[in-house]
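I opened this notebook to keep a record of what I looked up in one chain. The entries follow the order in which I worked.

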Amino acid sequence: LTSLEAGRRVLNDDPHNLAGYYWQAESARNLAKLAFQRATSLNPNSWQGQLLLGDIYRQRKDWDAAVSHYNAAAQLKPTSAAAYLGLATLSWENGSFDQAKVSLNKVLELDPENAQANLELGDINVRSHRFDEALPFLQKSLAHDTHHSLLVHADLGRTYAELGQVDQAIAELTQASAMDRSGEIHFQLYKLYQKQGHAKLAQQALAESERLRQQDAQDLQRHLGRATQLGKGGETKQH
């Protein structure tokens with residue numbers, strides 16, 4: 001609350017101060033979480049409350065607390081797919097794919113058209129190189145995903161490429177290219193354009209892939225440098 005008020009005072013003096021807006025937004029977000037946690041503690045039998053607490057703890061990477069609240073939500077409302085999707089997403093994000101599939105199958109029993117569950121099952125199959133199995137899940141996810149997840153397009157592009165459907169692969173990867181941070185998607189486009197004999201497009205994709213790869217390496221180096229400096233600061237304080 002003190003931070004929220006401080007941000008407000010800063011913006012009163014300087015309406016263009018970006019830091020003021022950031023701290024005001026961050027403070028409001030945390031106050032909302034605290035208020036929600038308080039409300040849930042007053043009504044622990046609310047399955048929606050347990051579900052949202054699970055989401056909050058998953059975002060904080062407090063896995064044990066998240067699982068506990070998702071399980072509580074599932075017990076309170078066993079006919080809802082939402083709690084099982086929370087458990088599945090937690091496992092999927094952490095690379096526990098066998099565990100994720102158990103929860104995802106439960107989600108699809110309750111909600112066969114669930115876009116996120118179909119995406120996650122499709123993505124797991126892509127990572128396991130089971131492209132024939134991945135395709136129907138990814139297509140269903142895209143059909144029911146109103147936000148048109150870039151990851152769906154990326155996975156579909158890779159799947160179509162592996163299945164020899166080059167035109168479809170290029171179309172999907174082009175849509176997914178906005179999420180490319182490491183240059184991998186553009187490198188896939190480079191290889192596909194080469195197959196089609198589009199030398200100029202292939203060269204452009206390769207150049208962009210190399211630019212993104214170098215930028216990603218530089219960003220990683222800067223991140224490591226900041227982490228090192230923070231570590232040295234901590235050591236100094238300890239001394």
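Entry 1, the whole chain. I began with burial and found that 36% of the 239 residues in the chain are buried. I noted that the model is a predicted one. Read from the N terminus on, the elements run α-α-α-α-α-α-α-α-α-α-α-α. I also looked up contacts with a separation of 6 or more, and residues 24 or more positions apart account for 40% of them.

Entry 2, how to describe a pair. Before going on I reminded myself that two packed helices are described by the angle between their axes and the distance between the axes.

Helix H7 covers residues 115–127 and helix H8 covers residues 131–144. I found that they pack at an angle of about 155°, and their axes are 8 Å apart. Angles over 145 degrees count as roughly antiparallel, so I put H7 and H8 down as roughly antiparallel to each other. Their crossing is left-handed. On the H7 side I listed Ala115, Asn118, Leu119, Leu121, Gly122, Asp123, Asn125 and Val126. These meet Phe131, Glu133, Ala134, Phe137, Leu138, Lys140, Ser141 and His144 in H8. By class, the residues of the contact of H7 with H8 are eight nonpolar, five polar and three charged.

H8 and H9 pack at an angle of about 145°, and 10 Å separates their axes. H8 passes H9 in a left-handed crossing. The H8 residues in this contact are Phe131, Ala134, Leu135, Leu138, Gln139, Ser141 and Leu142. From H9 come Val152, His153, Asp155, Leu156, Arg158, Thr159, Tyr160 and Glu162. I sorted the contact of H8 with H9 into eight nonpolar, four polar and three charged residues.

Which way do H9 and H10 run relative to each other? Helix H9 spans residues 150–162 and helix H10 spans residues 166–176. Their packing angle is about 155°, and the axes lie 7 Å apart. H9 and H10 are therefore roughly antiparallel to each other. H9 passes H10 in a left-handed crossing. The H9 residues that meet H10 are Leu150, His153, Ala154, Leu156, Gly157, Arg158, Tyr160 and Ala161. Their partners in H10 are Gln168, Ala169, Glu172, Leu173, Gln175 and Ala176. For the contact of H9 with H10 I wrote eight nonpolar, four polar and two charged residues.

I checked the C-alpha atoms of Ala171 and His153, and they are separated by 8.6 Å. Along the chain, Ala171 and His153 are 18 residues apart.

Is Gln188 buried or exposed? Buried means under 20% relative accessible area. Gln188 has 15% relative accessibility, so Gln188 counts as buried. Gln188 is found in helix H11, residues 184–196. Leaving aside neighbours within four places in sequence, I found Gln188 in contact with Arg158 and Leu173. Arg158 and Leu173 are also listed in the contact of H9 with H10.

How values were computed:
Residues are numbered from 1 along each chain as its sequence is written. This is a predicted model: local features need pLDDT of at least 70, side-chain atom pairs count only at pLDDT 80 or more; totals for chains, interfaces and linings use all residues. Side-chain values use heavy atoms; hydrogens and water are left out. Axes are lines fitted to C-alpha atoms, for helices over the stretch in contact, and angles run from 0 to 180 degrees between N-to-C directions. Helices (H or I, at least four residues) and strands (E, at least two) are DSSP runs, numbered from the N terminus. Angles under 35 degrees count as roughly parallel, over 145 as roughly antiparallel, 65 to 115 as roughly perpendicular and the rest as oblique. A crossing is left-handed if the near helix is turned anticlockwise from the far one by less than a right angle, and right-handed if clockwise. Contact means heavy atoms within 4.5 Å. Ala, Val, Leu, Ile, Met, Phe, Trp, Tyr, Cys and Pro count as nonpolar, Asp, Glu, Lys and Arg as charged, and the others, Gly among them, as polar. Buried means under 20% relative accessible area, exposed over 50%, partly exposed in between (1.4 Å probe, protein chains only).
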